[in-house]
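Colleague: I am new to this structure and would like to learn how to read it. Please show it to me first.

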Amino acid sequence: MYQFGHAIWWYGAPMALLSFIEANDLSGKQVYLFCSHGTGGLAGSVDDIEDALPDSAVLSDNVFDVYEEEASESQSGILSWLSDLGY
Ligand SMILES: Cc1cc2nc3c(=O)[nH]c(=O)nc-3n(C[C@H](O)[C@H](O)[C@H](O)COP(=O)(O)O)c2cc1C
């Protein structure tokens, strides 16, 4: 299982994360995503990550995301998300 935390840069996943994915074999792994963003929301980031991980199980319908200005108050939401995932 992998959890990727990332920001949104220019309407998508940051290149640093895509470079990490490129450099590591995540075939067959489950991947959970959590993300902070500005007013643009998740934009194309989940698609970017799914496209980069064709052989992994990306949990794209249960991404935790938070508006950057609310990130400091997101602890309970994150704990609840993890609990829903079984952690
Ligand atoms: C280069 C750059 C590009 C960004 N592009 C977007 C964007 O397209 N949409 C959006 O909602 N937020 C965008 N943001 C805002 C970031 O997502 C936000 O600052 C980040 O989630 C805050 O988390 P951090 O403190 O961990 O960087 C951008 C920020 C930077 C620095």
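The dialogue below goes from the overall fold to single residues.

Modeller: This is a predicted model, in which local features need pLDDT of at least 70, side-chain atom pairs count only at pLDDT 80 or more, and totals for chains, interfaces and linings use all residues. Residues are numbered from 1 along each chain as its sequence is written.

Colleague: How many helices and strands are there in the protein chain?

Modeller: Helices (H or I, at least four residues) and strands (E, at least two) are DSSP runs, numbered from the N terminus. Here the protein chain has three helices and four strands, in the order β-α-β-α-β-β-α from the N terminus. Its radius of gyration, taken over C-alpha atoms, is 13 Å, close to the 12 Å of the globule rule for 87 residues (2.2 Å times the number of residues to the power 0.38), so the chain is as compact as a globular protein of that length.

Colleague: Which residues of helix H2 are buried?

Modeller: A residue is buried if 20 or more other C-beta atoms lie within 10 Å of its own, exposed if 12 or fewer, and partly exposed in between, with C-beta atoms placed from the backbone. In H2 (residues 45-52) the buried ones are Ser-45, Asp-48 and Ile-49. Seen down the axis of H2, they fall within an arc of 90° (of the directions from the helix axis to the C-beta atoms), so they line one face of the helix. An α-helix has 3.6 residues a turn, so residues three or four places apart point the same way.

Colleague: Which residues make up the largest nonpolar core?

Modeller: In soluble globular proteins, nonpolar side chains tend to be buried together. A nonpolar core is a set of buried Ala, Val, Leu, Ile, Met, Phe, Trp, Tyr and Cys residues joined through C-beta atoms within 7 Å. The largest one here has nine residues: Ile-8, Ala-13, Leu-17, Ile-21, Tyr-32, Leu-33, Cys-35, Ile-49 and Val-58. H1 and E2 each supply at least two residues of this core, and E2 gives the most, with three.

Colleague: Is Gly-28 buried or exposed?

Modeller: Gly-28 is exposed, with 8 other C-beta atoms within 10 Å. Gly-28 lies in the loop between H1 and E2. Its C-alpha atom is 9.9 Å from that of Val-58, 30 residues apart along the chain.

Colleague: What surrounds the ligand?

Modeller: A residue counts as near a molecule if its C-beta atom, placed from the backbone, lies within 6 Å of it. The residues around the ligand include Trp-9, Trp-10, His-37 and Glu-68.
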